[in-house]
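Hi,

Here is the structure I promised to pass on. Please have it open while you read. My notes follow below.

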Amino acid sequence: QVQLVESGGGLVQPGGSLRLSCAASGSGFSINQMAWYRQAPGKKRELVAAMTGGGSTHYADSVKGRFTISRDNAKNAVYLQMNSLKPEDTAVYYCNADWSVGGPNIFGSWGQGTQVTVSS
């Protein structure tokens with residue numbers, strides 16, 4: 001089982017920046033894609049950004065040009081640099097990882113979530 005722990009959320013003013021971190025722990029696993037999702041009150045959870053093990057990235061249209069996803073494969077970590085934050089970015093942000101243990105099955109894990117609030 002892979003466990004994910006996020007950090008880095010908080011309160012920031014509009015136009016500010018935050019950097020989220022997520023570290024995976026466990027043993028004997030290989031991580032494929034890592035991603036960030038978010039869920040605002042009363043809304044569905046949505047994909048924010050994803051990165052494959054090969055480095056390909058995907059961003060939601062709403063964050064393109066403002067957010068950057070990166071990985072440190074040696075640390076099994078993923079980061080989300082968020083710049084030019086807007087009030088509509090306010091949400092709980094969740095880390096997600098797809099992983100395997102050498103066979104054909106792919107498993108998924110979620111972090112506990114970290115709150116990001118953008119407000120003046």
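**Aromatic pairs**

The structure contains three aromatic pairs. Keep in mind that this is a predicted model.

Take Tyr 94 and Trp 110. Their rings pair edge-to-face, with 6.5 Å from centre to centre and 85° between the planes. This pair links distant parts of the chain. Tyr 94 belongs to strand β9 (residues 91–100), and Trp 110 to strand β10 (residues 107–110). The two residues are 16 residues apart.

Are these two residues buried or exposed? Tyr 94 counts as buried because its relative accessibility is 14%, and the cut-off for buried is under 20%. Trp 110 has 40% relative accessibility, so Trp 110 counts as partly exposed.

Ring pairs join Tyr 37, Tyr 94 and Trp 110 into a cluster.

**Charges over rings**

Which charged residue sits over the ring of Trp 110? It is Arg 45, with its charged end 4.6 Å from the ring centre. Elsewhere, Arg 19 lies over the face of Tyr 79, 4.2 Å from the centre of that ring.

**Strand pairing**

Strand β3 (residues 18–25) pairs with strand β1 (residues 3–7). The sense is antiparallel, over five bridges. Here Gln 3 stands opposite Ser 25 of β3.

β3 also pairs with strand β8 (residues 77–82). That pairing is antiparallel too, and it runs over six bridges. Ala 23 faces Ala 77 of β8 across the pairing, standing opposite it.

Best wishes

Notes:
Residues are numbered from 1 along each chain as its sequence is written. This is a predicted model: local features need pLDDT of at least 70, side-chain atom pairs count only at pLDDT 80 or more; totals for chains, interfaces and linings use all residues. Side-chain values use heavy atoms; hydrogens and water are left out. Rings of Phe, Tyr and Trp (its six-membered ring) pair if their centres lie within 6.5 Å; planes under 30 degrees apart count as stacked, over 60 as edge-to-face and the rest as tilted. Helices (H or I, at least four residues) and strands (E, at least two) are DSSP runs, numbered from the N terminus. Buried means under 20% relative accessible area, exposed over 50%, partly exposed in between (1.4 Å probe, protein chains only). A charge sits over a ring if NZ of Lys or CZ of Arg is within 6 Å of the ring centre and within 35 degrees of the ring normal. Two strands pair if DSSP finds at least two bridges between them.
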